[in-house]
Every structure is written in structure tokens, then in C-alpha cells.
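User: I want to learn how to read a model like this one. Please take me through it feature by feature.

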Amino acid sequence: MADSSSGTTLMDLITADPGPAPKSSGSAEAPTPPASQQPTGSMSYATPATASSSSVSGKSMLGERKSKRATLMQIQNDTISAAKAAMKTTASINIMPQKQKKNPVSYSQLARSIHELAATSDQKSSQKQLVHHVFPKLAVYNSVDPSLAPSLLMLDQQCEDRTILRYVYYYLARILSDTGSQGLNPGGGIPTPNWDALADIDAVGGVTRADVVPRIVDQLSKEASDANVEFHARRLQALKALTYAPESNTGILSRLYEIVFGILDKVGDNPQKRKKGVFGTKGGDKESIIQSNLQYAALSALRRLPLDPGNPAFLHRAVQGVSFADPVAVRHALEILSELATKDPYGVAMALGKLVVPGGALQDVLHLHDVLARVALARLCHTISRARALDERPDIKSQFNSVLYQLLLDPSERVCFEAIFCVLGKHDNTERTEERAAGWYRLTREILKLPEAPSLSSKGSSADSNDMSKASKDKSHKTRRPQPLIKLVMRRLESSFRSFSRPVLHAAARVVQEMGRSRAAAYAVGLQDIDEGVNVNAFSESADPVDSDFNENPYADGARKVSAVSSATGSKDTIAGLLASLMEVVRTTVACECVYVRAMVIKALIWMQLPHESFEELESIIASELSDPSWPATLLNDVLLTLHARFK
């Protein structure tokens, strides 16, 4: 019980702090006994004044005790939290050295784990250990022991986990691709011994590639030929793994050709609507998705196979792939045709005759959402349009030239720059000086005339539709006016040099360098009619739209004679004026922070330097840059070699 007059409860007395220590015996006042020591049943002898003062002091003491209680609880909670944090820190300090002291897993331990876990692959724990521990660690070695093939094939037959199957097909492909040359693969990784040599000296008799490759090829061939929809994913993975077999094994290659052509026989002739994205849009019926996947897998496998220029079936399937729905399959088909065109340009051009016309599949590739496909298209058009075997067919060369020149308007810098390289005659590093000189002539003399858009008058019979068709036709006529290539290229390069992207600046400077090489080649061989003071608009104005022969062949390789230019034309429309405007932008790029961009810009300036021009400005730029200690030695050597090649 508690004294009701003081207003203090029993719980307040229990949780209160102990009273202050009693004073010394010499003090004037005696300490007041606590309320708990007072008799509970006796009457209070306090006066009214004393009672009121004790009530006020009791309420103040109650507030102080509550605040002290809250403070104590907060201190207790903070102490517990700090103790828990200290325990976690101590535990981590004690555990980390143990993790660091663990020895790396050896190859023999990984191989033993694969053999053991393959026998219990139906258990979730075994699958988890294979995916998270064994298979990723095995990938750091540069070759795979053929003795793992039986366990991998067991996993392929018994396991259904997609991640495990992906690893299984990956390691089976590595076993097929391993040449056994002492485990030295160009891909790098932790070196491994020659497994076949170890198997030969093994007293028990080890497993060699010759023992397991036939089993792997047989299993993968069965899965790649299985048309069951339930095993569609396995079929794609097996076909990809089978393409890693070495080209020296003719038996495997013939079997692979048979599988690929069998797939293309079933999915190649069915017309499909082309996808808009690189991997298409989500959704769609299951049958079309499977067909598109098979088209991609078959063309991807055909891309990895060796070229067979004399095989008409090979050429037919590659041409057929240009019209496929999958954009990546179209890319592979164009890359195959580009390589075939270097060996048989006439056959490839004849096979693509119906696809290069306006409205054909090659025209559709211009708007395909795959950059590398358009790059391959530029190389293909360049190879065919420059082939000597097609000199008697200028109409075919004109059609491929038209597609190549349209790629100069591509929104991607990668595609546009590749098209500029092809126009300049830059395809690989084996071009002759005459080819580069002809490239500069094409760039400064050829024009781009886009094909006419289809008329809209045939689609409507009303007067409004006729008016709209006439207006659109007039607008199309204005926007499709023939444009000189040199003008289009200079505008695009100036726009690229204003970019904040260092790769774009580096690529643009490389284009200017190759342009300078072709220009220097044209002056070196003494090419006629390369006057840079000619107005570039004269070439487009000389294009007579009434001349049917010119409309059929607007990109003939014959030289075009230019009439005299009026003196009233501006200097900026001349080749020299366009080059001066471009070089002014190029010189400002020397201030770029990236040393590799600056080095490429200097090489571009070196190649664009003509013999009769002053060398003082270029000399000061090179001198100031070479004094920079941040330049690597390789870049300095590159600049010096460029100077030597230019003056040579």
C-alpha cells in the first residue's frame, strides 16, 4: 500500500532511485523517514501547509522519476544494440580469415565433384552445387578433360534443369573444339596439360578425345535432329554445340551440313513478317516463334561452317536467309554472302538479282533494326559493285551502288562510316593505290539519287486523295533531289565531330584519315579531273531526269564531265570549301582529353596534308603534342610511322 495523501503509488516507489545518503551526525536536521517506513494505519500529524507542500513535491518527484525511467530504458536499448553489433563484428573478424585461408579448388577436385554429383543429379542439393560451385570454377581452365564426357552425357540425359544443361552443352562443345595441343588455347585461362598425352602414359588406360568425340557427336546429332516441340530448347543448344567440331573432321561436317539444310528445308520457304527489334517483340504464336528460332539457329550454324562456293545449295540457303524474320539470321546470311562474293561475285549477284530491286529484301535491310546486318550489307554491296567479273553488267553494279550510297544516310555512325570506307575503296589492308584513288574520285563526283516513292494516286479515287498524292509527290520530288556524296559525307562528319562521345570522335577521325589516304592516292597516281575548285552542286544539276538511261543507271562507273561553273557560286559549295570547313572542326578536336582521340586526329591531319600546302601549322600541333609526357610509346611510334608513310 502507499500513502494516499502523498499521491505516490507502490510501483513508483519500487522503480524509484534510492534516496540520497544520510548526512553526518552534526547536521542540524534529521533525515525524513521514507513513506514505506511510516505506519500505514496511524493518523497523519502534518499541518495543512505541510500537506500542501508535500503534495506539490510528490508530483514533481513523480515527473522526474518517469523521465529517469524513460532515459534508463533508452540507455538499455542502446547498450543491447551496441552489444549485438559488436558480436556481429567479432564474428565477421573471426570468420573472414578462415575464408581467406581456404585453398583454391584444384582441377582434380572439380572433376571428382562432377563425377560424384552426376550420379545424384536428381537431388536439388546436387544441382545447386553444380550450378553455383563446380561448373563456374571449371570454366577458368583453358581446356576440359575428355574423361568428363561420360558424366556430362549422363547429366544431359537425366537432368532437366536449364542452367545445368546450358553448362553441359558448353563443356561438350569445348571438348569437341579442343585440338589437344598441350592445352594452349587462344582464349587464355589457367593452363592445363595435354589430356591425350596423359591418357597414353596412364598405366590403367585413360580416356582420350578419340574415345569420347564419337559419342558426343552421336548424342548431339540426335538432339539436333529431334523435331519434337518439347525438346526445342535442347535442339537449339545441341546444334550450336555441334558447330564447334574441328573443320578437319569431314565426317562431322557432312553430318552437320545435312542437319542444317534439313532444318532450312522446313523453315526456309515459309514467308514470315519481319520482326522490328533485334530479338523481336514479345508474344506471338508458338509456332512462329519456334520457326524463327530455328531460322536463327540454322543460319548461325551455317555461318560457323566453312564456305563452300561451288555448292549451289549453300548459296541458295544463304540467299534465302536474307528474307528471314529474325534480324540476327539476316545478319548471318549477309555476312555469308559477303564472304562468298569475294570468291564468286557473279554467282552471288545473279542469285540476289530479285532482292536488290526497289521493294526487294535487300532494300528492307536498310530499315532493319540490326546495326551489324546493315554493316554486312555495305560490305556486300561494295564487293559486288567493284567486281571485275561484272563489268559487262553495269545495271547490276548500279543497283548495288544505289543501296551502298543509301547507307550513307543511316542514323548509325557505325553503318555510315562503314559505307564511307566502302566508297573510298577501303575494305581491308590489301587495296592497291589505284583502287584508293578511284575511291576519292567516286566520293567527289558521284551523286545520291534515292529511288522514287510509290505513288499514292492508285490507292484512292476521290479528289481529296488525288490532291494529297500530288502534294506528297511534289514534296517527295523536293526532298529526293540528287545530292553529291561529298556534301552528305562532310555534313555527317562535321556533326560527328561535335559529339561528346570519345568512340564517335575516334571513329570520325579515322574516317578522315582514310579519306586523306584516298585523296593522297588520287594525287599520287595523277588522276585527271580532280579539281577541288569545282562546285559540287554541278554534279546534281547535270542529272537530267528526262534521260531514261541515266535513271536506270545513275551510278555508272564512267567518268562524268562537268560543265563550266558560274563564277557567282559560293566558295563553300566547292570541294575545297567543304574540306576547309571540315578540317577546321577536326583541328578543334586536338583539344580532346583522350590521348587516343588526339593521336587519331593528328594522323588524319597528316594524311589530309597536301604537298603544296604549308606544313607549319601541322608541325606546331605535332610538336606541342609530342611534348606531352602522357603519350604512350605505342602512339608516338604510330604517329611517326604515319609521317613516314605520308611523305613516302
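User: Is Y171 buried or exposed?

Analyst: Start with the cut-offs: buried means under 20% relative accessible area, exposed over 50%, and partly exposed in between, with a 1.4 Å probe and protein chains only. Y171 has a relative accessible area of 0%, so Y171 is buried. Y170 is partly exposed, because its relative accessible area is 38%. A word on the source: this is a predicted model, so local features need pLDDT of at least 70, side-chain atom pairs count only at pLDDT 80 or more, and totals for chains, interfaces and linings use all residues. Residues are numbered from 1 along each chain as its sequence is written, and side-chain values use heavy atoms, with hydrogens and water left out.

User: How many aromatic pairs does the structure hold?

Analyst: Rings of Phe, Tyr and Trp (its six-membered ring) pair if their centres lie within 6.5 Å; planes under 30 degrees apart count as stacked, over 60 as edge-to-face and the rest as tilted. The structure holds seven such pairs. One of them joins Y170 and Y171: it is edge-to-face, with 5.0 Å centre to centre and 65 degrees between the planes.

User: Which residue lies over the face of Y244?

Analyst: A charge sits over a ring if NZ of Lys or CZ of Arg is within 6 Å of the ring centre and within 35 degrees of the ring normal. Here R304 lies over the face of Y244, at 4.0 Å from the ring centre.

User: What covers the buried residues of helix 11?

Analyst: Helices (H or I, at least four residues) and strands (E, at least two) are DSSP runs, numbered from the N terminus. Contact means heavy atoms within 4.5 Å. The cover of helix 11 includes helix 9 (232–242), helix 10, helix 12 (312–320) and helix 13 (327–341). The buried residues of helix 11 include I290, L294 and L302.

User: Why does the span of helix 11 agree with its residue count?

Analyst: The expected span is 1.5 Å times one less than the number of residues. Helix 11 (residues 286–304) has 19 residues, so it should span 27 Å, and its end C-alpha atoms are 27 Å apart. Helix 21 (residues 485–497) has 13 residues and should span 18 Å; its end C-alpha atoms are 18 Å apart, which agrees. Helix 21 is mostly covered, with eleven of its 13 residues buried. Among them are K487, R492 and E494.

User: Where do L264 and H369 lie?

Analyst: L264 is found in helix 10 (residues 250–267). L264 counts as buried, because its relative accessibility is 0%. L264 and R317 are 53 residues apart in sequence, yet 7.2 Å apart in space, C-alpha to C-alpha. H369 lies in the loop between helix 15 (361–365) and helix 16 (371–385). H369 is exposed, because its relative accessible area is 51%. H369 and P327 are 42 residues apart in sequence and 7.3 Å apart in space, C-alpha to C-alpha.

User: Which residues have the most contacts inside the largest nonpolar core?

Analyst: A nonpolar core is a set of buried Ala, Val, Leu, Ile, Met, Phe, Trp, Tyr and Cys residues joined through side-chain atoms within 4.5 Å. The largest has 153 residues, and L334 and L352 have the most contacts inside it. Leaving aside neighbours within four places in sequence, L352 is in contact with V319, L337, L362, L380, I384 and F400.

User: How many helices and strands are in the chain?

Analyst: The chain has 28 helices and two strands. Buried residues make up 41% of its 648 residues.
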